[in-house]
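Me: Pick one part of this model and walk me through it up close, please. I'd like the strands and the ligand site in a single story.

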Amino acid sequence: MQHLITTDDLTIKQIEQILDDALRFKLQKKPVSLLKNRLLFTLFFENSTRTRSSFEVAAKRLGANVVHLDPSKSSTNKGESVEDTFLNLCAMLPDGVIIRHSDNHLAKKLSDMNLTPLLNAGSGSYAHPTQALLDLFTLKEHFGSLDGLKIAIVGDIVNSRVASSAIALFGRFGIKISLVAPEPFMPRDTNLPKFDKLEDVLDDVDVVMSLRAQFERHNKPVFENYETYASHYCLTKENIGSRDIIIMHPGPVMRNIDISDEILDDKRSKVLTQVTNGLFVRMAILKLLLLDS
Ligand code: NCD
């Protein structure tokens, strides 16, 4: 049984298959019935706009049925543990469970029970494998080849599961990563090149990936004033200029703090392309885990 907790659960061959299948799904556009009569649960203990709907639309475009359990209305609110909730869902014989939770290690713990393929849709600050895969697809789609690409990740890197999964996955494909953040947002335990000024990297990258401040993971406010933060780290017409680079962000974008309105509207912004690609990449992931493994 194959799970997807971190991108390290996948071999390079499997990742290449996901990228190929996703491209095929994107080109062919219309739904297919590869997962007809399959049943998936989505179980999101943290807020989600893109990831949950993307998984649900991906499953439906493959012909699967999706049942969403809303934790705020489930028996976890009556004191049932997440493990017991999961056991009960598995007793209904699903073909997979897609879970998002603030606990870094819960998804792994549940997958170790080996009851059903488990797909991690975001675990604390630890991992967000499907985001990293859709970002990889977006890079490959734009640049053709991945080896040697240079990307700067900017923002609340230390608290971001998007950053941790991107760093883990992109490195395997020869992508060179630089980190740009103020000291409280910069991870300490990394050998990657670190910068505190955006201007110091912009001339030497192909891609800038901006990340939101992860307020839900801050015990107390890190900055009193995000306008000051934005004056250093927001991607704007002024600092991006006419450079031939692309801009990425997993969403939700804090407009004019992470990325300015103008740059979001610029054709170099791939933010909505990432959302579209997420759909096809998640179709490919569901195919791999539920059908091919
Ligand atoms: C991200 C997440 O939830 O980790 N969003 C997403 O899945 N597209 C990033 C974020 O919330 O900042």
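**From the sheet to the ligand**

Reply: Start at F41, which stands opposite V67 in β2. Bear in mind that this is a predicted model, where local features need pLDDT of at least 70 and side-chain atom pairs count only at 80 or more, while totals for chains, interfaces and linings use all residues. Numbering runs from 1 along each chain as its sequence is written, and side-chain values use heavy atoms, with hydrogens and water left out.

β1 covers residues 39–44 and runs parallel to β2, with five bridges between them (pairing takes at least two DSSP bridges; strands are E runs of at least two residues, helices H or I runs of at least four, numbered from the N terminus). Zoom out and you get an open sheet of four strands, ordered β2-β1-β3-β4 and paired in parallel. Its edges are β2 (65–69) and β4 (118–123), each pairing on one side only.

Now over to the ligand. Its surroundings (a heavy atom within 4 Å) include R50, T51, R100, H128, R161 and V162, plus P250, G251 and P252. Two helices, α2 (50–61) and α6 (161–172), each bring at least two residues to that shell.

Then there are the polar contacts (N or O pairs within 3.5 Å). The side chain of H128 has an N or O atom 2.7 Å from a ligand oxygen, for T51 that distance is 2.8 Å, and a polar side-chain atom of R100 sits 3.1 Å from a ligand oxygen. On its own the ligand would expose 320 Å², and the protein buries 93% of that (Shrake-Rupley areas, 1.4 Å probe).

Terms used. Polar contact = N/O pair within 3.5 Å; in protein donor to acceptor, adjacent residues only side chain to side chain.
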